[in-house]
Amino acid sequence: MENIVSLKNLVVEFEDGERILKNISLDIKDKEFVTFLGPSGCGKTTTLRIIGGFLEPTSGDVYFDGKRINGVPPHKRNVNTVFQRYALFPHLNVYENIAFGLRIKKLSDKEIVRRVGEMLELVNLRGFEKRSVNRLSGGQQQRVAIARALVNHPKVLLLDEPLGALDLKLRKEMQTELRKIQQALELTFVYVTHDQEEALTMSDTVVVMNNGIIQQIGSPINIYNEPVNAFVADFIGESNIINGCMPEDCVVEFTGKRFKCVDKGFNPNETVDVVIRPEDVKVVPADKAKLTGIVESVVFKGVHYEIIVDGVDHKWIIHSTKAEPVGAMIGMDFDPFDIHIMKKTEE
Amino acid sequence: MQKLKVLSLPYLVWMFIFILVPIIMVAFFAFTNNEGALTMENISDVGQYANIFIRSIWLAIIATAICLVLSYPLAYILSRIDKHKQSTMLMIVMLPMWMNFLLRTYAWMTLLGNNGIINNLLELIGIGPLKLINTSGAVVLGMVYNYLPFMILPLYSVMEKIDKSVIEAANDLGCNSFKVLFKVIVPLSLPGIVSGITMVFVPAISTFIISRMLGGGSNLLIGDLIEMQFLGNAYNPHLGAAISLVLMAIILVIMTVMNQFSPDDQVLI
Ligand SMILES: Nc1ncnc2c1ncn2[C@@H]1O[C@H](COP(=O)(O)OP(=O)(O)OP(=O)(O)O)[C@@H](O)[C@H]1O
Ligand SMILES: [Mg+2]
């Protein structure tokens with residue numbers, strides 16, 4: 001597969017000299033669904049704006065289909081954007097908003113009617129054609145914004161948190177729909193979200209960002225199972241992150257106790273981040289466990305209980321299908337392969 | 001609701017005394033003669049001055065058009081620069097307004113005069129002296145100069161509200177700068193265009209000072225005509241009232257037509 005978009009060593013600095021993007025490099029393959037995932041302010045929108053042509057990087061290059069496109073204005077790029085704050089045209093109704101791009105391209109009326117109709121169907125806004133966009137709910141506006149960009153069938157569609165304003169049910173539906181469209185029309189989607197579940201369920205590739213730096217690029221499974229550092233591990237799913245050290249291969253020491261693990265190749269006694277997922281903590285009788293703690297709270301979360309346990313040096317978060325009485329002393333244990341050892345990131 | 005009604009009472013009284021009563025009085029004068037008898041004569045006499053009406057409307061249209069053409073790009077640029085620079089620039093635009101209207105117009109009298117600075121300069125470079133003062137051109141110039149801020153301000157205030165991301169969305173969907181202007185900025189600034197035109201056209205069509213000072217005797221406008229009926233030798237308040245009434249009707253018709261171009265929820269009159 002060919003790279004459709006390539007970012008090479010992008011750096012963005014704003015006037016105040018603050019570095020927003022620090023050396024971003026990324027290849028996006030044709031027909032790929034790539035998701036930028038990261039906390040608020042980490043530079044997701046900024047990266048998208050560079051691909052869309054609304055912002056010139058301070059340094060670095062952008063390639064589209066193998067050609068360098070730095071300086072090419074947005075209207076000459078075969079890319080459309082679903083903007084984070086919709087940016088609908090307030091003087092046009094729903095239909096005309098969606099038809100806008102097609103009219104600019106001077107498509108025939110028949111074609112416009114057909115394609116806009118298709119989009120209205122898709123985003124579930126049939127019957128709203130004549131409605132002014134100022135009189136739509138946030139979620140409806142968001143769907144118009146999606147339709148307005150998608151109707152152009154661009155090679156690459158940039159979506160900046162396109163489902164942020166929707167309720168859970170509609171969001172799930174739209175996630176499935178968007179994924180279907182992307183596959184049916186064979187488009188490349190560059191998707192931005194700070195919802196890790198959304199990123200994991202929809203994407204071919206997830207790009208985890210923090211502070212203008214790419215932390216990890218990989219498939220959802222890869223990112224979930226093999227996070228490269230404590231930040232990714234924590235962002236992808238709430239995790240227990242504990243300081244530890246590696247006295248020898250396959251042995252890790254934390255909270256004063258030694259445990260078997262499967263990682264090797266660290267320097268003797270190197271300090272590391274130990275990451276253990278909440279669902280991987282096994283609750284065992286206190287008298288048989290190396291680690292014990294007092295149950296501090298139990299919250300029902302639907303599929304599981306979230307139990308907070310006050311250990312000696314660490315508050316443990318545990319997901320279990322069984323509730324424990326608050327105030328009880330419990331023991332905790334882990335399987336060796338559930339203990340993830342990560343090199344400390346220098347920052 | 002009840003409270004609101006009580007609060008609005010002073011305004012209703014004000015409107016009655018200072019707006020409704022004068023209009024009724026003007027209408028009364030327009031339809032009566034010296035003896036106080038009802039008559040249509042005054043209104044039909046207005047017809048004699050058709051040429052003055054046409055000249056007034058024509059000059060006001062030209063002045064309004066020039067104001068629009070000059071203000072539109074300026075207002076747009078103004079609305080797109082840094083927020084803190086905007087207020088300084090706006091102040092510069094408004095600066096001439098701080099000077100008295102008469103003084104400003106007098107200044108143009110001396111500038112345009114046969115021995116004025118402009119003609120002296122023109123003479124120096126060998127083209128002139130030209131007849132500048134007492135022409136309809138000078139009247140239009142006076143109108144444009146005095147009423148320009150009334151065009152800039154409403155345009156600026158609607159354009160300032162146009163979200164940058166809407167313009168980006170248009171770019172994104174294939175518009176170059178030219179298409180952005182006609183597909184997005186002009187439609188979105190339409191309310192400003194309409195109110196700017198109103199705010200320039202209405203004072204321009206009824207001015208009498210500008211035409212008197214810069215237009216000489218040959219560029220009489222409706223305003224001069226009305227003034228003559230009340231304060232001049234031609235003293236005839238009944239005819240004056242009739243002319244005012246016709247002028248009011250003309251403005252009303254023009255504004256109604258203008259409002260057809262304004263979006264439904266932003267009617268101005
Ligand atoms: N025009 C600008 N001038 C200065 N700083 C800016 C500008 N635009 C964005 N920033 C800063 O750049 C950083 C990254 O912004 P960006 O919009 O890319 O974040 P984001 O990852 O999209 O966050 P969110 O999830 O909240 O949308 C932020 O700290 C923001 O304050
Ligand atoms: Mg953002």
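Ligand first. Around ligand 1 I find F14(A), I20(A), S40(A), G41(A), C42(A), G43(A), K44(A), T45(A), T46(A), Q84(A), E161(A) and H194(A), where near means that a heavy atom of the residue lies within 4 Å.

Before going on, a note on the ground rules: this is a predicted model, with local features needing pLDDT of at least 70 and side-chain atom pairs counting only at pLDDT 80 or more, while totals for chains, interfaces and linings use all residues. Residues are numbered from 1 along each chain as its sequence is written, chains are lettered from A and ligands numbered from 1 in the order written, and side-chain values use heavy atoms, with hydrogens and water left out.

Back to the ligand, now for polar contacts (a pair of N or O atoms within 3.5 Å; within protein, one must be able to donate a hydrogen and the other to accept it, and residues adjacent in sequence count only if both atoms are side-chain atoms). The side chain of T46(A) has an N or O atom 2.5 Å from an oxygen atom of ligand 1. For Q84(A), I read 2.9 Å from a polar side-chain atom to a ligand 1 oxygen. E161(A) also puts a polar side-chain atom 3.1 Å from an oxygen of ligand 1.

Next, the chain A and chain B interface. I get 18 residues of chain A in contact with 17 of chain B, contact being heavy atoms within 4.5 Å. The two chains bury about 1600 Å² between them, 65% of it on carbon and sulfur atoms; that is accessible area (1.4 Å probe) lost on being put together, summed over both parts. H75(A), H91(A) and I104(A) supply 34% of what chain A buries against chain B, more than any other three residues.

How many salt bridges cross the interface of chain A and chain B? The rule (a Lys or Arg side-chain nitrogen within 4 Å of an Asp or Glu carboxyl oxygen) finds one. I traced a salt bridge between R49(A) and E168(B), with the closest N and O atoms 2.9 Å apart.

Last, the overall layout. Chain A splits into domain 1 (3–225) and domain 2 (238–343), with bounds from an automatic or database domain assignment. I put their C-alpha centres 39 Å apart. Chain B has twelve helices and zero strands, as DSSP runs (H or I, at least four residues, for helices; E, at least two, for strands), numbered from the N terminus.
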